[in-house]
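I opened my notebook for a friendly walk through this one. Here is what I looked up, entry by entry.

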Amino acid sequence: MDRPASNNVTVTVVPEHTVEIITNSGEGAQKCAQIFGQTCAKMGNGVWTVEIIPAEIEPPHHTVTSTSGNIIRFGTEKITNWGDQSKLAIAFNDQVCLSRHRLGSFDDNCIILQESSWENHEDEAIRKLYAEAMEEMSSKNYRFIQVPIEAETLKVVDNPQHGKNMFALGMLAEIYQRDLSIIEKQIAHIFQKKPAKVTDLNVQLVKNGMAWARENLDFQFDIETIPPEDIRVVMNGNQAAALGAVAAGIEMCAMYPITPATSVSHELASIIENYGGIIHQAEDEIAAAGVALGASYGGKVALTVTSGPGMALKTEFLGLAIMTEIPLVVLDVQRGGPSTGLPTKVEQSDLLSSIFGQHGDAPRVVIAPRSIEECFHSMVTARRIAETFRCVVIVLTDANLATGVQQFTKPEFDARWQQEPVDFSPLPEGLRPYDWDPETGLSRRIVPGTPGGQHTVTGLAHDQWSNVSYDPESNELGCKMRSRKLAVFQSTLMPPEIYGDQEGDLLVVGWGSTQGAIEEAVDRARGEGLKVSTCQLTFMSPLEPGLKEIFSRFKKVMTVEINYSDTVGDPYITEETRRYGQLAWLLRAHTLVDIDCWTSCPGQPLRPNDIYNSIIAKSEKGVSK
Amino acid sequence: MSSIPLSLLELEEDVACGLEADDYQKREGKWCAGCGDFGVLNGVKRLLASHQLRPEKMAFVSGIGCSSRFPHYVNAYGFHGIHGRALPIATGLKLARPELDVFVVMGDGDCTSIGAGHWIHATRYNTNMTVLLLDNNIYGLTKNQTSPTTPQGYSSNTSPRGSVLPALDPLQATLGVSNASFVAQTADWVPAHMYATLEAAYAHNGFSFIRILQRCPKFTPDVFTENVKNPDLTELLVHDNGVNAPGLDRLFKAQRVHDPKDLDEARSLAQRKDMLRLGLFFRDESFPVYDEVRAVPPVSPEEKIQRLEKEFDRYAV
């Protein structure tokens, strides 16, 4: 594939590449990656980017815990996940580089462009750290290239902290032959509110980075670009969810700051008033749920946004919403738990608490978008379900979707998404607040302001007039009707699509954000002749129909999830004591099928290669090739 | 948020609804005989009738506890919520529907204990609503446990040797919050004063906080007895701009002229425990009102779609 270029540069044609830029926090890695990713997308590449962010704002520099950065996977075809190890990295110092090495983030033959000033630094301690880091990383076959990033940046600006990122961007532009005019436009856009000189200096740094790479590097990579035929947008999952919220007609978002959900409210805060709505930053997570519920009670479309610890706090209010049948949309951007856990990192461990986390029987709808595009549409879907079924709808995304950036086809908006949430026409004579259709449990919602509809909603057991009622019949009927709605909703769903053959040896079942990585792993296994298929669930409560029948067509079924499960063979862990991954628990109970699981909770998205290895391991344990 | 659809506004009528006080009672209150909550309900009914409020245009929001059953007994929309959380619900409702009259009814455990965080912040939001703290100095519905306002030394099932801490004073606490705009105290055994206080609270544009001292015949039958028996232990705060009930001059000899604009004096009076003080401690209508400062003009669905198209242009590649 290699072909020589004019000046002894080897150009390697590749279908895709994964690049990471790693810096101290505060050195602009995100901006560099954002412009690079946007440029790749505009040129017609598929792109997926992932932020590497410490939980602290700006921890001490030049340490393994200060690493901030971004991984950009881009290729000729659509990219659905962050992929496996990085092939090229730009590191601003040896310590942040070492932190990535220790995480196994680099391909064995990774090319690492590293700041050159540390090796012979005047401070002996820094030289020593450098030498130790390089010794540790020598276990791999990395190709280190020393680059005077700081010295080159100082030629243009006084403070290299604000400039090295653009020099790095220039090197990437040269290595991957990116279109400079697109980069220039991006820079001008980002700094549009600053003096023109800022844009000029940044562009100059990019050009210098390109020139340095041209003169000093002997390689380039060629990734074919296919300009898209449709209009594409590129954003992260939190931005998509926020735009989905306004597209869904949500006019109240009550929230309390929590990572990694907060950026949904940042986006909403900047735009929602243009759509007749407001963001209410409440005094706590509980109040955020209460304000959203109060607004919905008043007939507005309301949302509360949170992450795991916030979900725990909102629990009592969710029970009240369910009991009073007031529609409420809750977005839970999952992070690692329990307790404060891994605030900035991904986990899929709120599934069971989302479905069952309540005293009493409290049926609710839980949906899990599988891609950034679905983060947008799920908000529209959630609103519609919440209102139709007078219920709570929890949308479970995660830190992978929240901060991952991907392009997708621009949605076509529908004015019907914005319809008034409440029927304000006069009430029929004798209509009760819970006039349940005995078949479906559905009933018309009566909101304050409607003449003749006065009643008091209550979290206490109540009859169909919403009168407090402790008698056995009322309570049984209320439970039955609230539960019935879920069955009715389930009857509107289609069975999940199978990716791969409709029958075979192994079915991998995933949910939510892991779709891209699982399908990539399954493709690889199928390429080697394994009879493996996968299906990715998005409706978690109620579950999509037909699962038991689908599972019966495979010799083995295994879930793949980003959460904890025991490994049989570990001390005390047997088939009897083993605790399963959360989806596996759910599907075992739901289908009575002996479903296995492979889960992992490393605080980062699953890699296709790790999933592939789990498929191979499972296959060796009894699934024929 | 944007206001409610036109279809509903068209229903609004300025004419009196022709309801009398008893028409605002949906059903008999199920409180114990002698409970002060009955008196509060009567005062509120009279207020609603005097303003001819349409039952569908108001909502009573409560938490959990004896007093929080209040909405079940009023001919209006009601939201009997969860313990301590009436204020967030009421805030959301008022933001959604500023044209509704919103009343909040809480007990002392509800407001000053489990819901204390919301109480402070709702005071600061200063959302336009009438807020009644029915303070009987005890947990009643759960049967006789010490509340934050239980007097020091008073025994209960959870403090059989007497409450060990000084009681929390809801007036002091509320007056200490930035943007508090209306703070008053009244008592269920002085119905004329309570009614005048309700009128002033309802008229106030902002978060009108009334602490109503309320007798519990079961668990704190004696905490207010001395005050009920001997009016000389009570001082009325009076002022041309305060709460002035007719006919109380003869009953209460101790009266103090207090300008409700004087916050320092209000705080000072709330702190003094030499006498029981009823009246308007503080009122200022110049403070920002949350539902007003957060009001947003409505946007049509078509306009929203157009704006959304532009929004996505920011992300176009």
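**Entry 1: helix α15 of chain A**

I began with the buried residues of α15(A), which are Ser474(A), Gly478(A), Met481(A), Arg482(A), Lys485(A), Leu486(A), Val488(A) and Phe489(A). Buried here means under 20% relative accessible area, exposed means over 50%, and partly exposed is in between, with a 1.4 Å probe and protein chains only. Helices (H or I, at least four residues) and strands (E, at least two) are DSSP runs, numbered from the N terminus.

A note on what I am reading: this is a predicted model, where local features need pLDDT of at least 70, side-chain atom pairs count only at pLDDT 80 or more, and totals for chains, interfaces and linings use all residues. Residues are numbered from 1 along each chain as its sequence is written, chains are lettered from A and ligands numbered from 1 in the order in which they are written, and side-chain values use heavy atoms, with hydrogens and water left out.

Next I asked what the buried residues of α15(A) pack against. They meet α11, β15 (365-367), α13 (372-388) and β21 (539-541) of chain A, where contact means heavy atoms within 4.5 Å. I also checked the length: the 19 residues of α15(A) (472-490) should span 27 Å at 1.5 Å a residue, and the end C-alpha atoms are 28 Å apart, which agrees. The expected span is 1.5 Å times one less than the number of residues. At the start of α15(A), a side-chain oxygen of Asp471(A) comes to within 3.1 Å of the backbone nitrogen of Glu473(A).

**Entry 2: salt bridges within a chain**

I counted 50 salt bridges over all chains, taking a salt bridge as a side-chain nitrogen of Lys or Arg within 4 Å of a carboxyl oxygen of Asp or Glu. Arg524(A) pairs with Asp84(A), with the closest N and O atoms 3.1 Å apart. Arg524(A) lies in helix α16 and Asp84(A) in the loop between β5 (67-75) and β6 (86-91) of chain A, so the pair ties together parts 440 residues apart in sequence. Are these two residues buried or exposed? Arg524(A) is partly exposed at 28% relative accessible area, and Asp84(A) counts as buried at 19%.

I then looked at Arg578(A) and Glu575(A), whose closest N and O atoms are 3.8 Å apart in a salt bridge. Arg578(A) is buried, with a relative accessible area of 10%, while Glu575(A) is exposed, at 54%.

In chain B, Glu303(B) and Arg307(B) meet in a salt bridge at 2.8 Å, N to O. Both lie in helix α11 (301-313) of chain B, four residues apart, about one turn of the helix. An α-helix has 3.6 residues a turn, so residues three or four places apart point the same way.

**Entry 3: where chain A meets chain B**

I found 69 residues from chain A and 56 residues from chain B in the contact. The two chains bury about 5,500 Å² between them, 63% of it on carbon and sulfur atoms; buried area is the accessible area (1.4 Å probe) that two parts lose on being put together, summed over both. In chain A, Tyr275(A), Phe413(A) and Gln454(A) lose the most area to chain B, together 12% of what that side buries.

How many salt bridges are there between chain A and chain B? The count is five. I looked up the pair Lys410(A) and Asp313(B), whose side chains meet in a salt bridge at 3.7 Å, N to O.

**Entry 4: a loop residue**

Last, I visited Ile226(A), in the loop between β9 (219-222) and β10 of chain A. Ile226(A) is partly exposed, with a relative accessible area of 46%. Its C-alpha atom is separated by 4.9 Å from that of Gly44(A), 182 residues apart along the chain. Leaving aside neighbours within four places in sequence, Ile226(A) is in contact with Met43(A), Gly44(A) and Thr76(A).

Definitions and conventions: Polar contact = N/O pair within 3.5 Å; in protein donor to acceptor, adjacent residues only side chain to side chain.
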